[in-house]
Structures are given as structure tokens and as C-alpha cells.
Amino acid sequence: MIRETKLVGWFKTVLWAVVISGLVAGAGRFVFGLGASTNMLDTLPWGWWKIFNMVAGAALATSGFVVAAIIYILQWDRYRSVARLSVLVGFLGYGSSLTALLFDIGLPHRGWHPFFIWNPHSFLFEVFWCVSIYWGVTALELLPIITERLPFPKFTHTVHEKILPVVVLGITLSTMHHSSLGSLFMTSPTRLHPLWHSYWIPPEFFISAMGAGLSTIVLLMLAVSHLYQRPRDQKALEGLAKGSAIFLGIYLVIKIIDFSINQKWSFVFGPDLSWESAVFWAEISLQALLPLVFLSFARFRKNEITLTIGAASAFLGLIMHRVDTGIVGYFRTSEAIYIPNISEFLVSFAVLSAAGLVFFFLVERFFVLEEPKAHASAHGGGDAHARPAVLLSRDEILTVLKGSGVRRVLIIFFIMVPLTWISLRDQATGAFKPILSPVEADIHRLTDQPEVFRIDADQNGMYTDFTHEEHQQDLAKLYSVTKEKTCIKCHHLGMPRQEKPVACRVCHRDMEVPSEFFNRDKHKEHIEKTEDFEKLAQVDLVDRKAVFSACMECHKDDMSGLRNYQDRGLGWTAPGFKDAMHGNCLTCHRMREWMLEQHQPQDPESTGNCLFCHRQWADAGMFENR
């Protein structure tokens, strides 16, 4: 079969290094979770793996169904020379997308659920089904390429004869899921920037995928011809490049009509220019303008350099478009910028590198770049470089398992594993370290008398005005106690030897992360006998009852509110400030609403609704149509 060149050997070395590094990062993702292995934010809906590997990756692998439609539906046999390569690209592209999806979802062990637990109202449900089934279709299309080198001639012949219904099914599935991938972003008009949001996203995604998919196969054919020093089918290349230009031209027309109808030109030419405008100009230039220049004219398609520039531009432009639509377009409304960390890139590129190694393996050992002479003759074609099918020999199989290639992989393994592990010790290969956000000031008095306080602990302007006087009066009536004794309802646990209620931030010191309020060093200073401290140090901090008993032994008289924890026990950490505020306020508000039979969470005036406390959010219209 095809021999490995020196250049291919060096290329494989790089791919193996990336794969092994990605395996280390991927193992860390499953051991330590998404929080440790990604920079994903709660305010952004999508991460790098989903957008780059799935949304962009599946689009670039569309050459499989486009070329299949050209050959089997349109009956253009002059493109049969690229049929097998296109099938392999589709198989590896969709397979790598599904593999990356396992890393992306929060509970990968439930990845099989969509097959049996249906949610037909979800775009993601339809996408998952179509992508999974189409990957199976590409596997069936690839099967005869594998079996023709095995002693199963009848099976191979039968598959070749009956493949047309499978191809039609694959074309249908690809048509469906590419439009549904676009529909994912159509549902967020208030979040996605107008430059990328459109109700025309489904056809935009479908058309641009076909254009970039054809450019991808052109780029790959050019690369393979150089790597293996093989001649290429120039006419097929030029025809595919021309088809790519046609699809990308249609995409550009759709974009122009969309911007005109929806009056979005102000974001492109002014006056509503922003940094997103510059990003969009770079994207549309790569995705459509440059490919149209270099792929539309015959003299540019015949020139290898300009053909490569045009195809590479369409390839990179589609990736940029998908990343902008799925990630960058949400930065402004999220008020945050998400940049993937090293482990995210490693896992992502490791999946693609593994697909690349499989590609080289199949190209070198099976008839991927050409049909065996028997098949070529059956199609009435001719390939000067076609060879008769040769059965896979035992010696050929053994060469895969021994020799310099195996030694090379082992050397790379023992170098890259410790190097990657050490490099990622603060990311995927180490426990998640949350971002700390210390509480600056939890309450500001708005009046001379303690009637109204403003709670804005992180000083971000998203405050809540707390009517202290009104709350005291209501709680006094509800529990039949004096106003002074209602303080313990909110200031539920005091500090030792503190007569007045302490500020919330004394225990709840971070906005999000729980804080330890048990200080061993200070306790050691106050305990006179060493054996008493050793006895305290032996308390099981996980056992809430044991913690309560240990605290009560010394603080039954000087720690207000402690007795209230007798039944439920006491933990040694205080929740984050935000959780403490919400837990305190919402629990009481909703309990009272149920008691008064006035629980109407959709009503902004309901005390159990977020807007009851966060009035300025309602005034700003932040919750309209949500």
C-alpha cells in the first residue's frame, strides 16, 4: 500500500504527542470535573468543546454527504475519485464530534439517555439523534473499504450494490441536523449580538456548512498529495472549489438580505460600531469574501497557491463564524469574557489528532485515495494509479504492532505524560480552585435610624434595599416577641462573647465560596489546658451533631443562637454570602406566603419573587419576556 514518507512520520510524532497530552487532560476532566478543567462561566451558555468540536467540526465534515449527493443523486461520476476520501472525512469528523461531546456534558455516563429518554421539543435532542445516526451511516459507507481487503468478497459486493438507500438517509440526516444546530442560537435573541443572531440562522448554517465542507475536502486533497508525493485529480479539485464558491456566494446573499430586512447595517458600517464589528469583518472576509475571490475564477482555481488560500480561508472562516455565534457573540450581554484554558485546548486538539492518526492509518493500508482496479472498471472509470485489491496479509498486520513506530509512541508517552501532568497541576490535573470574591461590605445604612439598609456586598450595583424596621415589626407580631428579640431570626448565630448581632460578612466572608468559621489557632490561645485542645482537635468535623456538642460544651451561655442547632447539628463552614442571603430571605418569604395562601411566584409583587427584593432589576427591564 502507500508508504509513509519522512514528512508524514514527523507529522505523526506531533499528533501522538498531542493525543497523549490530551489523554492526561481528559482523565483530569473526568476525575476532577468540569470546574477544574475548563474556564467556562455560568453566564455563558456554551463552551469551547461544544462549539469548536461539535458545531464547527460537524460542519467541516459535511463533505461526506455533499460529495455523496453529487455522485449518487446527481450522477456526476467525475467526482468519484474523491468519494472514498469524503466518506472517511465524514466518519472521522462526526466521530470526533461525538467523542468531544462526552467530555463536554456534565454527566457523560448518561450520554445514552437521548436514545431512550426522548425530548422531541429540544433542538439538541434532534441534533444528537441525527449526528449519532449519521455517524453510523458513514461507518456503513466506510465498511466496504475495509472489507475489500478481507476475504469477504460477497459481503463487500453486496454492500456496494445496496449502499444507495444508506447514502440517501445520510444526506437527509445531515440536512436536518445542520439547520437544527443553527436553531440552537436562534432561541436567544436577547443574549446573542445582532451581528450573529438571526431567524435565518438555520439556512445560514446549512449553506455555509456545505460551502466550507467542500473547501475542507479540497484542502485535504492538496495536503495528502504533498505528504505522500502523489498526483491529484485537478479537475475534481477545481470542480469542488467552484461548488464551494457557489454555496458561499448563496450564504453571502442570505446574509445581505437578512441585514437589510432587519436593519443591522449600522453594526457593520456605523454608527453602532464596536469591537464586535471588527470581529465580524474579519469573519465575513475569511468565510465568504476571500473564498469568492480565489475560488470563483478559473485562473485562480488552477493555481495551487491561490486555490490553497481560498480553501483555507473558507475553512478558517467557518470555524470563526461558529465560535463567534456560539461564544463571542454572548460576551457583551454576559458582561464577561471566556477564554478556554490549556486543558480545554489539549482535549479538543487531542480528539482531532486521534482522528488524524486514524486517517493516516487507513489511508496507508486501505484503498482510500483510489478505488481498486476491479471497482474502477465496474464504474466505467479509470484511474492510472488504481491497483488490484490485495488481501491484508499477516505480515502487514504484525508490522503495525512492532518496529520503530511502537518505540516512537512509547518514547513520546513517557515524555509527555509527566510533562503534561506537571504543566496542568493547577488545571485539569488538580482539584478545582474556585475564584474568590471577598465580601467588601454587606450592609450600608440609608437612614439615620436603622430603618432601611442597602445590601451590596460585592459593590457591583445589584443591591437590595432591606426594610429593617418593617421586618422587625412583622417578625415581632408573627412570633409574639419584642422587636429586639427578632434579631436572632436573621442573625441566627452569634460570635462568642459578642452581645450584639455581628455583621453577616464576619462568617460569610466570600460571595460564592463557603468560609470556615472555626479557627483552631484562636481556640488554642483561649484554651488553657493542652489536653482540652487535643480533645477538641479530635472532634469529627463532618459529624454535625458532634460539632454542636463540642461547641455547646464551652459556648452555651456566650454564643447567641447556638441552642437553635440542637436538633439539626452545626457545620463548621458558613455558606457564601449570596447563598446565605437567599437562603435566609427566600426561605422565610415563601414560608409566610404558603401560610397566608398567597404563593404566586410569577407575580412580581409576590414576596417569593426575585423582583420583590431586587426592584431595580424590574425597573431596568432585565426580566421582561423571561
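A: Let us start with a word we will need: a contact means heavy atoms within 4.5 Å. This is a predicted model, in which local features need pLDDT of at least 70 and side-chain atom pairs count only at pLDDT 80 or more, while totals for chains, interfaces and linings use all residues. Residues are numbered from 1 along each chain as its sequence is written, and side-chain values use heavy atoms, with hydrogens and water left out.

Q: OK, so which residues is Y228 in contact with, leaving aside its neighbours within four places in sequence?
A: Y228 is in contact with I2, R3, E4, T5, V8, F360, V363 and E364, once those neighbours are set aside. Y228 itself is found in the loop between α10 (201-227) and α11 (234-261), where helices (H or I, at least four residues) and strands (E, at least two) are DSSP runs, numbered from the N terminus.

Q: And is Y228 buried or exposed?
A: Y228 counts as buried because its relative accessibility is 6%; buried means under 20% relative accessible area, exposed over 50%, and partly exposed in between, with a 1.4 Å probe and protein chains only.

Q: What joins the side chains of Y228 and E364?
A: A polar contact of 2.8 Å joins them, and by that term we mean a pair of N or O atoms within 3.5 Å, where within protein one must be able to donate a hydrogen and the other to accept it, and residues adjacent in sequence count only if both atoms are side-chain atoms. Y228 and E364 are 136 residues apart along the chain, and their C-alpha atoms are separated by 9.5 Å.

Q: Zooming out, how many helices and strands are there in the protein?
A: The protein has 28 helices and five strands, and of its 626 residues, 45% are buried.

Q: How do the strands pair?
A: Two strands pair if DSSP finds at least two bridges between them. Strand β1 (residues 443-445) pairs with β2 in the antiparallel sense over three bridges, and β2 pairs with strand β3 (residues 464-467), also antiparallel, over four bridges. I443 has I455 in β2 as its bridge partner, whereas R454 stands opposite D465 in β3 and V452 has T467 as its partner there.

Q: New topic: where is S515, and why does it count as buried?
A: S515 lies in strand β4 (residues 515-516), and it counts as buried because its relative accessibility is 8%. The side chain of S515 reaches the backbone nitrogen of R509 at 3.4 Å. Not counting residues up to four places away in sequence, S515 touches C507, H508, R509, D510, W572, T573 and A574.

Q: Last one: which helix gives the most to the lining of the second largest pocket?
A: That is α25, with eight residues, and α23 (520-526), α24 (530-537) and α25 (544-555) each supply at least two residues of this lining. A pocket is found on a 1 Å grid over the protein atoms alone, as an open set of points where a 1.4 Å probe fits, with protein on both sides within 12 Å along at least five of seven lines, and lining residues have an atom within 4 Å of a point. Here the lining has 36 residues, of which P496, F518, H523, L536 and H555 lie nearest the pocket's centre.
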